[in-house]
Amino acid sequence: MKTTTQKVFDQLLDSFGPQHWWPGNSPLEVMVGAVLVQSTNWKNVEQALENLHASDAMDAARILALDEQELQQLLRPAGYYRRKTRRLRSLMQFFVEHYAGSIELMRRAKHFELRKQLLAVHGIGPETADAILLYALDKPAMVVDTYTHRVFARHGWVDFDADYHQLQAHLVSELPEDVSTYNELHALLVQVGKSYCRKVPRCEACPLVDMLPEGGVCAG
DNA sequence: GACCAGGCACATC
DNA sequence: GATGTGCATGGT
């Protein structure tokens with residue numbers, strides 16, 4: 001018997017296909033991207049990542065070696081560049097201090113201990129921490145976001161006032177603990193949120209329209 | 001010109 | 001503890 005969330009996953013995957021999020025990027029670049037993408041369009045992030053590459057600075061030690069203003073200028077296209085400069089430096093400093101700048105060492109850390117450490121880093125909240133765990137380190141961390149909240153609350157599967165961890169617990173309880181499922185589902189929920197869930201109360205073309213409750217609205 | 005994008009920390013009540 | 005606000009660029 002399939003859970004509602006598994007059905008959501010299947011229908012989204014059928015409609016949109018695999019999203020291939022962060023497939024070819026290095027784990028370090030994923031970590032950097034996870035910070036830069038906070039509340040920001042991915043296109044803008046790509047520009048900043050490209051700037052880092054062009055400056056030969058896609059490296060924890062090199063990022064830390066840049067002076068504040070240099071790094072700010074590289075990150076500028078990603079928006080919030082003063083804050084993100086601080087946040088990225090905090091993360092890189094943590095990475096170097098606790099894991100000697102080694103992805104392999106960090107990958108060996110216990111999932112929930114590492115998560116707790118990440119949450120203690122300035123600028124790393126639950127979504128960014130889970131994105132790093134999942135997309136950079138292949139840990140089974142389900143990432144949820146505002147799109148996930150919108151879709152699940154409007155369909156009546158969670159309360160509108162559910163917080164990050166309640167929403168995450170709900171999804172996890174309805175899914176196999178599987179890295180590729182978590183990876184794909186998060187990306188698919190972002191895709192459906194971008195494509196629909198806006199302006200009109202009921203999107204007939206939405207792959208989840210048949211799951212909308214009587215009188216429920218998918219926008220607004 | 002308004003609104004939005006793969007959040008988070010901090011101030012204020 | 002809950003609620004509000006600043007952060008910044010680039011695309012639609």
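This is a predicted model: local features need pLDDT of at least 70, side-chain atom pairs count only at pLDDT 80 or more; totals for chains, interfaces and linings use all residues.
Which elements cover the buried residues of α12?

1. Chain A holds 12 helices and zero strands. Read from the N terminus, its elements are therefore α-α-α-α-α-α-α-α-α-α-α-α, and the radius of gyration is 18 Å, close to the 17 Å that the globule rule gives for 220 residues, so chain A is as compact as a globular protein of that length.

2. The C-alpha trace of chain A spans about 55 × 35 × 30 Å along its principal axes. Of its 220 residues, 31% count as buried. Counting contacts in chain A between residues at least 6 apart in sequence, 60% join residues at least 24 apart.

3. To the opening question: the cover over the buried residues of α12 includes α1 (4-16), α9 and α10 (146-154). The buried residues in α12 are Y182, N183, E184, L185, H186, L188, L189 and V192. An α-helix has 3.6 residues a turn, so residues three or four places apart point the same way.

4. The helix α12 has 17 residues. From its first C-alpha to its last it reaches 25 Å, close to the 24 Å expected at 1.5 Å a residue. After α12 comes C197, with a positive phi near 55 degrees.

5. Chain A is divided into two parts: domain 1 (4-19 + 143-211) and domain 2 (27-136). Their C-alpha centres lie 26 Å apart. The contact between them takes seven residues from domain 1 and six residues from domain 2. On the side of domain 1 that touches domain 2, α11 (164-173) and α12 are the elements that give two or more residues. The largest share of that side, three residues, comes from α12. By class, the residues of this side of domain 1 are four nonpolar, two polar and one charged.

6. DNA strand B is surrounded by 24 residues, and the closest are Q38, S39, G125, E127 and T128. The surface near DNA strand B has 10 nonpolar, 11 polar and three charged residues.

7. Which residues surround DNA strand C? They are S39, T40, N41, K43, N44, R76, P77, G79, Y80, Y81, R82 and R83. S39 is also listed among the closest residues to DNA strand B.

8. Two helices, α3 (42-54) and α6 (81-99), each supply at least two residues of the surface near DNA strand C. Which element gives the most to that surface? It is α6, with three residues. By class, the surface near DNA strand C has three nonpolar, five polar and four charged residues.

Terms used: Residues are numbered from 1 along each chain as its sequence is written. Chains are lettered from A and ligands numbered from 1 in the order in which they are written. A residue is near a molecule or strand if its C-beta atom, placed from the backbone, lies within 6 Å of it. Helices (H or I, at least four residues) and strands (E, at least two) are DSSP runs, numbered from the N terminus. Ala, Val, Leu, Ile, Met, Phe, Trp, Tyr, Cys and Pro count as nonpolar, Asp, Glu, Lys and Arg as charged, and the others, Gly among them, as polar. The expected span of a helix is 1.5 Å times one less than its number of residues. A residue is buried if 20 or more other C-beta atoms lie within 10 Å of its own, exposed if 12 or fewer, and partly exposed in between; C-beta atoms are placed from the backbone. Two residues are in contact if their C-beta atoms, placed from the backbone, lie within 7 Å. The radius of gyration is taken over C-alpha atoms; the globule rule is 2.2 Å times the number of residues to the power 0.38. Domain bounds come from an automatic or database domain assignment.
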